[in-house]
Amino acid sequence: MNITANLESIQQRIDAACQRAGRDPAGVQIVAVTKGHSPERVRQALELDLTVLGENRIQEAKVKIPLCPGGAQWHMIGHLQTNKARDAVRLFKMVESVDSLRLAEALNEQADKAARYLPVLIEVNIAGEASKFGYPPEVLLRELDTLNALPRLEIHGLMTMAPWTPEPEKVRPVFRRLRELKEECEQRLGAPLSQLSMGMSGDFEVAVEEGATLVRIGTALLGERHGPWRPPAGEVD
Ligand SMILES: *Cc1c(COP(=O)(O)O)cnc(C)c1O
């Protein structure tokens, strides 16, 4: 496991995908997904200037984030229960996984209490998989104005998780559809949305070719995970 070498190879693959698509690589940000990894591993990532980090569980993030001081910007990328909205607002710079109006309202309320604005992405379940969270596209288009009216949330764009496949080319239509949906949302809102969060270890090149601005990469960068990370006994209460 050599994070430096992994990062170099991932960056080269992003650059090549950008070249194929006629994009500037500066427009693609790696979100290093640190779920399942220790604070030591996070600190190694920070030393490589990987400063945008993703976690998917509040319980794990709550313990880990305070153990990783430095300039990190933490993104929440997993499903959030409304009763965890307060923790999410306290811990994260951005929530990428807003998947219901109820959650958006809870985040808005907690952001208001914290006297801050919360950048968010709306998660969309493009493929309609029952096992995944996210808005069905038609429901998003129906609720977009209501979401956009929440004064403490700043909608920066859309996020999706493609179905798992050993052949990433197969999920290209999912990424393309998310990009088109972003354009529909921009028209509806009369304002640009800057972010498309799509692509993971197995499919980020195709996602970049289809316009991803955030790629959420765990395994290919930081190695295999073995379930959630837990602190050694005695380190926290
Ligand atoms: C775990 C996770 C990732 C990263 O997955 P890898 O395949 O390890 O790169 C990306 N996005 C979300 C929402 C995740 O939960």
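## Cysteines

Cys 18 is buried, at a relative accessible area of 0%. Cys 185 is buried too, at 1% relative accessibility. Both values come from a predicted model.

How many disulfides does the structure hold? The count is zero. A disulfide is a covalent bond that joins the sulfur atoms of two cysteines. Cys 18 counts as buried because its 0% falls under the 20% limit. Cys 185, at 1%, passes the test for the buried class because that test asks for a value under 20%.

## Aromatic rings and a charge

The count of aromatic pairs is zero. One ring does have a charge over it: the charged end of Arg 152 sits over the ring of Tyr 117. The distance from that charged end to the ring centre is 4.6 Å.

## The cavity

The structure holds one cavity of 30 Å³ or more. The space in the largest cavity is about 30 Å³.

Which residues line the largest cavity? Glu 123, Val 124 and Asn 125 do, along with Lys 132, Phe 133, Thr 160 and Met 161. By class, this lining has three nonpolar, two polar and two charged residues. Val 124, Phe 133 and Met 161 are nonpolar by residue type. Asn 125 and Thr 160 fall in the polar class. Glu 123 and Lys 132 are charged.

## The largest pocket

The largest pocket has a volume of about 550 Å³. Its lining is made of 25 residues. Which of them lie nearest the centre of the largest pocket? They are Lys 35, Met 161, Met 200, Arg 216 and Arg 225.

The lining of the largest pocket divides into ten nonpolar, nine polar and six charged residues. Met 161 belongs to the lining of the largest pocket and also to that of the largest cavity.

## The second largest pocket

The second largest pocket holds about 170 Å³ of space. Its lining includes Asn 56, Arg 57, Ile 58 and Gln 59. Met 76, Gly 78, His 79, Leu 80, Gln 81 and Lys 84 also line this pocket.

By class, the lining of the second largest pocket has three nonpolar, five polar and two charged residues. Ile 58, Met 76 and Leu 80 are nonpolar. Arg 57 and Lys 84 are charged.

## Loops with positive phi

Most residues other than glycine have a negative phi. Asp 49 has a positive value, near 70°. Where does Asp 49 lie? It is in the loop between helix 2 (39-47) and strand 2 (52-55). Asp 49 is exposed, with a relative accessible area of 66%.

Ala 115 also has a positive phi, near 55°. Its loop runs between helix 5 (101-113) and strand 5 (118-123). Is Ala 115 buried or exposed? Ala 115 is exposed, at a relative accessible area of 60%.

## After helix 9

Ala 233 lies in the segment after helix 9 (219-222). Ala 233 counts as exposed, at 84% relative accessibility.

How far apart in space are Ala 233 and Phe 204? The distance is 36 Å, C-alpha to C-alpha. In sequence, Ala 233 and Phe 204 are 29 residues apart.

Technical notes. Residues numbered from 1 in each chain as written. Predicted model: local features only at pLDDT ≥ 70, side-chain atom pairs only at ≥ 80, totals over all residues. Heavy atoms only, no water. Disulfide = S-S within 2.5 Å. Buried < 20%, exposed > 50% of the residue type's maximum accessible area, 1.4 Å probe, protein only. Phe/Tyr/Trp six-rings, centres within 6.5 Å; stacked < 30°, edge-to-face > 60°. Lys NZ or Arg CZ within 6 Å of the ring centre and 35° of its normal. 1 Å grid on protein atoms, 1.4 Å probe; cavity = no way out; pocket = protein on both sides within 12 Å on 5 of 7 lines; lining within 4 Å. Points joined across faces, edges and corners; volume = space filled by probe spheres on them. Helix = DSSP H or I, 4+ residues; strand = E, 2+ residues; numbered from the N terminus.
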